[in-house]
Amino acid sequence: MKNPLRREDVQLKKRARCKRAPRYIASIRPTDISKLRDEWLNEKDEEGRLLHGPSTVRRDLTLLGHIFSTIIKDWSIPLQNNPVQMIRKPKESPARERRLQDDEETRLLKSCEMNADDPGGAHSRAPWLRPLVIFAIETAMRRSELVKPEGKDVDLKKRVAPKNG
């Protein structure tokens, strides 16, 4: 099971480095949050690629909104409103559905094969890789789902393993 506190902790540390961070809570307005949102959406790396997609920015804004809600409801700090709730959020990215095309599966499985005679070729040295890739293709499991289950999670008699957690 994922530790949501760790993910949020990483997000908070990353966002705390923002130049807008050292402010009094009561001085933050919806316009400040919308400027921050736009900065996040337009932030690029050295090669000019966007660092954050709309879904990441939505999640970060949701976390920030939760922080403001906690401040207002649980800590009884009198703020007029939650500024995050007053702005538009980026639209959710459409879900990706990637399928192997034409001969991709054949080429992928061929590259997983052991081949000691061709050290420069695109072949694997790991005997477990090909069965793992076949299992991933057949179950549509993500990499994290493939490596997460422990022996106690897998029922060999029923031939079942957990998916999505």
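**Close-up views of an all-helix chain**

Read along the sequence, this chain runs α-α-α-α-α-α. It is a predicted model, so local features need pLDDT of at least 70 and side-chain atom pairs count only at pLDDT 80 or more, while totals for chains, interfaces and linings use all residues. Residues are numbered from 1 along each chain as its sequence is written, and side-chain values use heavy atoms, with hydrogens and water left out.

**View 1. The whole chain and its confidence.** The tally is 6 helices and 0 strands; helices (H or I, at least four residues) and strands (E, at least two) are DSSP runs, numbered from the N terminus. Mean pLDDT (the predictor's confidence in each residue, from 0 to 100) is 82, with 81% of residues at 70 or more. Helix H2 (residues 30-42) comes out highest, at a mean of 94, and helix H1 (residues 4-16) lowest, at 65. Where pLDDT is low, the predicted coordinates should not be read in detail. Of the 165 residues, 23% count as buried, meaning under 20% relative accessible area, with exposed over 50% and partly exposed in between (1.4 Å probe, protein chains only).

**View 2. Helix H3, end to end.** H3 (residues 54-73) has 20 residues, and at 1.5 Å a residue it should span 28 Å. That expected span is 1.5 Å times one less than the number of residues.

**View 3. Two residues with positive phi.** Asp 102 isn't a glycine, yet its phi is about 40°. You'll find Asp 102 in the loop between H3 and helix H4 (104-112), exposed at a relative accessible area of 79%. Arg 159, also not a glycine, has a positive phi near 60°. Arg 159 sits in the segment after helix H6 (143-147) and is exposed too, at 76%.

**View 4. The largest pocket.** About 590 Å³ of space lies in here. Among its 14 lining residues, Arg 98, Ala 136, Ile 137, Ala 140 and Met 141 are the closest to the centre. H4, helix H5 (129-139) and H6 each supply at least two lining residues, with H5 giving the largest share, 4 residues. On a 1 Å grid over the protein atoms alone, a pocket is an open set of points where a 1.4 Å probe fits, with protein on both sides within 12 Å along at least five of seven lines; lining residues have an atom within 4 Å of a point.

How values were computed:
Points joined across faces, edges and corners; volume = space filled by probe spheres on them.
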